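Please look over the sequence and the model first, and then read on.

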Amino acid sequence: MATPREQEAADYLRKHKIIELMDNLTSMLFFYRPERPNEFLITQLEQLRVSKMRSLDCPSLFNDTNLDAVLGILDPTKQGHITFVQYKEALTTLGIEKFNECPEGVAKDKISQETFKREAKEGLQRSSATFISK
């Protein structure tokens with residue numbers, strides 16, 4: 001059982017999304033491997049601050065090119081859609097925990113590429129926006 005001080009620390013980390021912030025920053029470091037990691041981290045934190053102040057997109061590990069690559073893997077014959085199972089697995093693989101369980105096209109089991117990219121971008125932004133309290 002956690003002591004009151006440990007529980008207080010855990011609550012603080014959860015409230016301020018510190019673990020998510022550190023996970024995002026660490027992932028970006030491993031992915032980009034900048035020559036000057038301290039400057040890179042400062043830049044990422046500044047971008048987070050600006051995105052919060054101006055309601056802009058947060059820095060994210062994944063961009064349109066990455067999402068297009070994912071879609072290329074999921075839809076190699078270029079049908080223009082993926083299945084709901086593929087949609088869910090892809091979003092989960094991207095690290096998106098909370099996503100739309102009933103996206104446009106779910107009834108026909110045909111999630112369009114546009115719908116997938118929109119949902120992925122929104123989920124990635126929520127994941128990257130570590131300044132938003134739960």
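## Helix 1 and what follows

Helix 1 is followed by Lys-17, whose phi is positive, near 55 degrees; helices (H or I, at least four residues) and strands (E, at least two) are DSSP runs, numbered from the N terminus. The model is a predicted one, in which local features need pLDDT of at least 70 and side-chain atom pairs count only at pLDDT 80 or more, while totals for chains, interfaces and linings use all residues. Residues are numbered from 1 along each chain as its sequence is written, and side-chain values use heavy atoms, with hydrogens and water left out.

Helix 1 covers residues 4-15, and because its 12 residues at 1.5 Å a residue should span 16 Å, the 16 Å between its end C-alpha atoms agrees with expectation; the expected span is 1.5 Å times one less than the number of residues. Tyr-12 lies in this helix.

## The chain as a whole

The protein chain has 6 helices and 2 strands, and along the sequence these follow the pattern α-α-α-α-β-α-β-α. Of its 134 residues, 28% are buried, where buried means under 20% relative accessible area, exposed over 50%, and partly exposed in between (1.4 Å probe, protein chains only).

Among contacts (heavy atoms within 4.5 Å) between residues at least 6 apart in sequence, 64% join residues at least 24 apart.

## The largest nonpolar core

A nonpolar core is a set of buried Ala, Val, Leu, Ile, Met, Phe, Trp, Tyr and Cys residues joined through side-chain atoms within 4.5 Å. In the largest one, which has 14 residues, Tyr-87, Leu-91, Leu-94 and Phe-116 touch the most other members. Helix 4 (64-74), helix 5 (84-93) and helix 6 (113-128) are the elements that give two or more residues to this core, and helix 5 supplies the largest share, 4 residues.

Leaving aside residues up to four places away in sequence, Tyr-87 touches Ile-82, Phe-99, Asn-100, Pro-103, Ile-111, Phe-116 and Glu-119. In soluble globular proteins, nonpolar side chains tend to be buried together.

## A glycine in helix 6

Which helix holds Gly-123? Gly-123 lies in helix 6, and it counts as buried because its relative accessibility is 1%. Although Gly-123 and Glu-97 are 26 residues apart in sequence, their C-alpha atoms are 7.9 Å apart in space.
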